[in-house]
Amino acid sequence: MADLSSKFAGISSPNPYWLASAPPTNTGDQVMRAFDAGWGGAVWKTIGDPIVNVSSRYSSVDIGGVRMMGLNNIELITDRTPEINFREITEVKKRYPKHAVIASLMVESKRETWHEIVKRAEGSGADGLELNFGCPHGMSERGMGAAVGQVPEYTCKITEWVKEAARTPVIVKLTPNIGDITYAARAAKKGGADAVSLINTINSITGIDLDNFSPRPMVAGRSSHGGYCGPAVKPIALNMVASVAKDSEVQIPISGIGGISTWRDAAEFFLLGASTVQVCTAVMHYGYRIIEDLVDGLSNYLDEKGFASVNDLVGRSLGNVTKWEELDLNYKIIASVDQQKCIGCGLCYVACNDGAHQSIGAKPRADGRTDVWILEDQCVGCNLCSLVCPVSGCITMKKVETGRPTVTWKDFSKDPDKFAYLKDPHH
Amino acid sequence: MDRFQEIKPALAGDEALSEANRCLMCFDAPCTRACPTHIDVPGFIKKIGTGNLRGSARTILEANILGASCARVCPTEVLCEGACVLNDLHHKPIKIGQLQRHSTDWLMARGGDSLAKLFPPPQKRVDAARVAIIGGGPAGLACAAELARLGHLPVVLEAAQRPGGLNTVGVADYKMSSAFALQEIEWVRQLGVEVKTGVTVGKDVSIADLERDFAAIFVGVGLGKVGALGIPGEDLDGVLDALDLIAELKTDRAAAQKRVLGKRVIVIGGGNTAIDAVTQSARLGAREVHLVYRRGRAEMPAYHHEQELAQHDGCRFVLDSAPTAVNGSAGHVESLALTRMRAQGGQEGRSAALEPVPGSYSEIPCDLVLKASGQVAHSALLSSLPGVKLVRNRPVVDEHGQTSNPRYFAGGDCVSGGKEVVNAVAEGKRAARSIDGWLRSQTKGAA
């Protein structure tokens with residue numbers, strides 16, 4: 001059995017799955033139920049001056065009948081006092097000493113205010129601090145959250161203030177609502193952060209009610225932009241985690257966040273350099289019980305691959321994330337249809353013909369189905385047919401041995417004439 | 001529990017949505033090609049998925065004006081759903097019929113004029129022609145609706161007191177009620193279709209009258225009574241045309257119940273009407289139901305899924321057996337005498353010549369014999385149509401639905417010998433377009 005226990009920037013937890021700072025970590029009761037279900041850690045719902053919330057706070061993007069592919073919220077930080085939150089943290093830590101409890105903090109940008117909240121948080125027994133520099137809605141209008149995270153100098157400065165007072169590890173939570181997230185990560189590092197967590201939610205309007213013309217979630221006929229999360233944002237988060245992990249100036253632990261619903265998602269974050277992951281939307285959808293398969297699936301995967309621990313995964317794919325100019329222009333694949341598996345739906349044909357490179361032939365069959373075949377000399381190996389095919393393993397991309405050496409764009413651009421054959425789209 | 005409750009009930013809104021989302025949206029979709037009216041099935045299903053039910057209904061009804069009843073009575077198992085690629089992938093095709101019903105019901109619930117409002121009003125044509133439609137069943141109604149949409153003036157002449165033909169009186173009640181069929185016809189009338197009921201051509205109005213008053217004539221008279229068995233005792237009390245029982249059930253259920261409840265019923269025939277007679281008898285409370293067919297199970301014209309329905313209702317199949325006499329006393333049926341049948345000298349299939357097996361006599365006691373061994377043509381009417389060539393009492397039509405007399409067009413069961421509602425609709429619609437083309441060519445010729 002692989003070892004799932006985790007040590008992140010000095011914070012221990014039985015497994016690398018933490019609940020992200022959000023409604024599922026609003027109270028001690030919730031966090032304790034989550035730990036009973038099997039969660040390794042919890043980042044408390046952000047603590048600061050209690051706020052007032054609006055009614056109607058979440059809205060979702062449903063795709064093809066699947067609910068909550070994306071979730072948006074305009075809820076603010078905790079609406080409970082720091083006293084209550086810290087008292088409950090103390091209680092939770094007393095009952096669950098081996099689990100990670102991280103206090104997420106957000107206060108106005110004053111040195112003394114930050115010093116004070118850091119001391120109170122650590123006094124409660126929290127294992128570490130997460131600085132919420134990412135919340136994109138509401139709080140940012142008051143100069144907090146993303147308003148800090150979007151300006152690297154502010155990020156650095158406030159991290160420094162926190163580090164002046166902190167004795168426990170400090171994690172800076174980054175906003176994705178920025179041109180290049182590595183600048184924010186570098187600023188956190190410069191300010192002394194022990195780790196970063198990313199991504200926070202993305203500015204969004206999920207939709208408009210076509211009957212009353214109000215954006216969602218509707219508050220008396222109006223709405224404001226909210227923070228977008230859930231499965232839809234995972235690809236964006238993966239890219240940002242990889243960029244931060246590869247950045248030579250950052251090189252501190254990363255807690256990955258963004259659309260993680262399954263152990264597979266988590267494994268991808270680990271492979272791109274995260275060493276813990278945080279989950280919110282999937283729990284808001286299905287409850288704490290999803291931790292069972294998150295742990296079980298990951299454990300089985302590690303065993304099958306012969307990995308002793310999660311650490312064996314961390315960053316393993318980073319070397320495979322390169323610039324486009326470093327990709328081999330002579331690598332060639334073409335599509336192949338397994339006619340035994342083909343159900344004759346014709347989707348590959350219409351996708352290729354209208355949406356890609358006109359490399360599939362088709363003709364109606366007597367039984368009403370559509371026969372398809374690959375025009376191998378036309379196929380550019382784009383994958384589209386294999387993506388639309390509804391039958392697993394029916395269309396596969398087969399490698400073609402060209403006998404040619406690896407040639408990257410860098411090589412080609414230096415001497416285009418030497419590789420003139422590459423100018424033929426079907427080389 | 002209502003034993004006549006629909007076997008394919010309406011889908012709930014969310015059910016329709018999740019079913020619509022299962023559709024792969026095949027290119028050149030097999031379901032569309034399998035439909036005689038070529039409804040753009042993936043097109044109407046995707047519109048359900050986007051909440052565009054009006055557009056969905058229009059996609060259906062553009063192709064098939066009786067799309068609402070076809071959604072209920074079509075043998076989708078062997079047509080669109082039988083062709084669905086998901087049979088291969090998930091062993092469960094999209095519920096196309098029920099989705100079609102979802103959209104057409106939605107529109108129908110929006111009022112009697114909702115169908116007429118769905119389409120742009122027909123152009124006022126100077127060459128608008130009066131066209132007589134003999135027969136108010138699915139073929140005639142589809143022909144009339146298409147003619148009306150093309151701007152012509154169709155008049156449907158229906159011999160019965162209520163229009164709709166088999167749609168109204170011949171469909172098993174758990175598929176579609178008479179009331180629904182009539183409601184749909186009201187819907188179609190609003191397109192500009194005039195329907196005259198209780199008008200028998202050849203009696204109330206002559207062929208000469210029609211030729212005088214109408215520019216073209218569509219013949220969609222369907223089929224008549226079930227043919228005579230040609231065996232002794234056929235006229236005994238308790239021997240009935242299966243279609244008459246179904247019609248009675250649909251118009252006066254109490255009377256049908258009284259006739260069947262607690263009785264031993266034998267249905268003679270192997271087609272879908274025979275199956276309807278079996279399942280309806282079982283639901284009316286028959287004590288036992290036998291189905292007698294002169295060939296084997298594989299040769300039965302009834303669809304496999306229909307045969308299963310009959311079996312599910314506890315029907316006993318008496319195969320390779322033909323009735324030789326109806327026995328009775330005091331004028332009433334008591335039993336059916338049977339002989340075993342076999343194919344002559346190595347012949348196979350549905351057209352093999354049969355011969356009785358010597359010494360194979362048997363008898364099944366019964367109270368009611370329902371004949372469902374095939375309807376016969378309205379040969380008197382058909383043979384009175386001037387210059388319309390008939391083969392085996394069926395008008396011969398070309399690929400446009402035109403008969404050998406160019407003013408006469410025909411379609412539906414009277415031409416095909418008995419097919420589905422959807423085939424009749426396709427043929428009626430095709431004939432309407434041909435009539436319009438032929439009328440144009442006549443006008444041009446005169447000019």
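Predicted model: local features only at pLDDT ≥ 70, side-chain atom pairs only at ≥ 80, totals over all residues.
Q: Which residues lie nearest the centre of the largest cavity?
A: Residues are numbered from 1 along each chain as its sequence is written, and chains are lettered from A and ligands numbered from 1 in the order in which they are written. On a 1 Å grid over the protein atoms alone, a cavity is a set of points where a 1.4 Å probe fits but cannot get out, a pocket is an open set with protein on both sides within 12 Å along at least five of seven lines, and lining residues have an atom within 4 Å of a point. The largest cavity has 35 such residues, and nearest its centre lie A:S21, A:A22, A:N73, A:T201 and A:C280.

Q: Which element supplies the largest share of the lining of the largest cavity?
A: Helices (H or I, at least four residues) and strands (E, at least two) are DSSP runs, numbered from the N terminus. In chain A, β6 (66-73), β12 (226-229), β14 (276-279) and α9 (281-286) each give at least two residues to this lining. The largest share, three residues, comes from α9(A).

Q: How much space lies in the second largest pocket?
A: Grid points are joined across faces, edges and corners, and a volume is the space filled by probe spheres set on the points. The lining of this pocket divides into eleven nonpolar, two polar and two charged residues. The space in the second largest pocket is about 470 Å³.

Q: Which orientation does α3(B) take to α4(B), roughly parallel or roughly antiparallel?
A: Axes are lines fitted to C-alpha atoms, for helices over the stretch in contact, and angles run from 0 to 180 degrees between N-to-C directions. Angles under 35 degrees count as roughly parallel, over 145 as roughly antiparallel, 65 to 115 as roughly perpendicular and the rest as oblique. The axes of α3 (residues 41-49) and α4 (residues 53-63) of chain B come within 8 Å and cross at roughly 170°. Therefore α3(B) and α4(B) are roughly antiparallel.

Q: Which residues of α4(B) meet α3(B)?
A: Contact here means heavy atoms within 4.5 Å. From α3(B) come B:F44, B:K47 and B:I48, and they meet B:L53, B:G55, B:S56, B:T59 and B:I60.

Q: Why does α4(B) count as roughly perpendicular to α8(B)?
A: In this contact, B:L53, B:R54, B:S56, B:A57, B:I60 and B:L61 of α4(B) meet B:Q100, B:H102, B:S103, B:T104, B:W106 and B:L107 of α8(B). The axes of α4(B) and α8 (residues 96-108) of chain B come within 8 Å. The pair is roughly perpendicular because the axes cross at roughly 110°.

Conventions
Heavy atoms only, no water. Nonpolar A, V, L, I, M, F, W, Y, C, P; charged D, E, K, R; others polar.
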